[in-house]
Amino acid sequence: MSANISIKDNLEIIRNKIAQAEKKSGRPQGSVKLMAVSKFHPSEAVVEAFEAGQLLFGENRVQEASEKFPSLIALHPELSVHMIGQLQSNKVKKAITFASCIQSVDRLELLQEIEKQCAKLDRKINILFEYHTGEESKSGYTSEAELCKSIEECAKGSFPHIIPCGFMTMAPFTEDEKLIRKSFITLRELSQKLKPQFPDLPLTELSMGMSGDFEIAIEEGSTLVRVGTAIFGERDYSK
Ligand SMILES: *Cc1c(COP(=O)(O)O)cnc(C)c1O
């Protein structure tokens with residue numbers, strides 16, 4: 001990414017591409033939310049994006065997010081951060097103090113821990129169920145039966161502090177557009193099948209699409225795209 005292109009410019013480019021993809025697929029303007037994935041980028045980058053009007057952010061690791069976001073959110077309560085990476089149970093306690101949503105729920109035990117910690121703080125939190133649709137990716141529920149069991153527990157009222165808002169997936173890391181599209185279609189069809197079975201749960205969000213594939217995801221029904229590199233540039237994993 002060219003150094004003289006700013007985060008502000010990148011955001012504008014992405015917003016335009018989102019608008020075009022919405023139009024192309026006959027979806028209402030503004031039906032797709034943009035998350036800026038700021039993992040491995042410093043607070044200054046988050047502030048720059050915020051000053052360009054970006055309010056929703058995503059982070060993978062609780063420790064890193066907890067160093068950047070609580071102070072920013074205290075200053076700017078309209079700003080929010082979702083956890084999108086695989087989450088260990090022992091990190092839940094910290095995560096729920098500042099994250100407004102956990103998108104990477106992949107097991108019943110995690111729901112139980114989120115409920116336990118949220119009950120202690122008397123706060124509610126949004127979650128998404130992450131479903132495994134791409135061969136190479138390791139994260140998410142791999143079995144529809146397990147996923148259904150978790151949703152059923154929510155529907156039964158077992159987790160009064162948890163609001164299940166929908167589903168998340170990661171497409172396989174491949175250039176093959178057919179495979180990427182197939183992964184998004186799988187998630188959309190799963191959500192279309194499950195939603196009517198749980199009419200009392202919101203389950204409206206479809207979080208899919210990243211820098212390389214968000215336009216395909218929008219064509220396949222994404223309501224929230226998670227874009228990192230195309231906004232902030234390449235990540236430096238050596239830090
Ligand atoms: C890192 C990450 C993203 C953003 O990826 P880019 O390719 O940089 O846009 C999106 N979703 C998840 C779950 C991620 O871990």
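A polar contact is a pair of N or O atoms within 3.5 Å. I keep that cut-off beside me while I look through this predicted model.

**Entry 1**

I started with Arg226. An N or O atom in the Arg226 side chain is 2.8 Å from a nitrogen atom of the ligand, so the pair falls within the 3.5 Å limit for a polar contact. Next I looked up Thr229, where a side-chain N or O atom lies 2.5 Å from an oxygen atom of the ligand. Ser211 also reaches a ligand oxygen, with a polar side-chain atom 2.5 Å away. How much of the ligand's accessible area does the protein cover? I found 92% of the 390 Å² that the ligand has on its own.

**Entry 2: where the ligand sits**

I checked the pockets next, and the ligand sits in the largest pocket. Which residues are around the ligand? My list includes Val37, Lys39, Asn60, Ile84 and Met170, and also Met210, Gly228 and Arg235. Sorted by class, the shell holds 5 nonpolar, 4 polar and 3 charged residues.

**Entry 3: aromatic rings**

I then searched the whole structure for aromatic pairs and got 4. I picked out Phe40 and Tyr237: their ring centres are 4.6 Å apart and their planes meet at 75 degrees, so I wrote the pair down as edge-to-face. Where in the chain are these two residues? Phe40 is in the loop between strand S1 (33–37) and helix H2 (43–51), while Tyr237 is in the segment after helix H9 (229–232). They are 197 residues apart, and my note says that this pair links distant parts of the chain.

Note on methods. Residues numbered from 1 in each chain as written. Predicted model: local features only at pLDDT ≥ 70, side-chain atom pairs only at ≥ 80, totals over all residues. Heavy atoms only, no water. Near = heavy atom within 4 Å. Polar contact = N/O pair within 3.5 Å; in protein donor to acceptor, adjacent residues only side chain to side chain. Areas by Shrake-Rupley, 256 points an atom, 1.4 Å probe, with all protein chains shown as cover. 1 Å grid on protein atoms, 1.4 Å probe; cavity = no way out; pocket = protein on both sides within 12 Å on 5 of 7 lines; lining within 4 Å. Sits in = over half its atoms within 2 Å of the grid points. Nonpolar A, V, L, I, M, F, W, Y, C, P; charged D, E, K, R; others polar. Phe/Tyr/Trp six-rings, centres within 6.5 Å; stacked < 30°, edge-to-face > 60°. Helix = DSSP H or I, 4+ residues; strand = E, 2+ residues; numbered from the N terminus.
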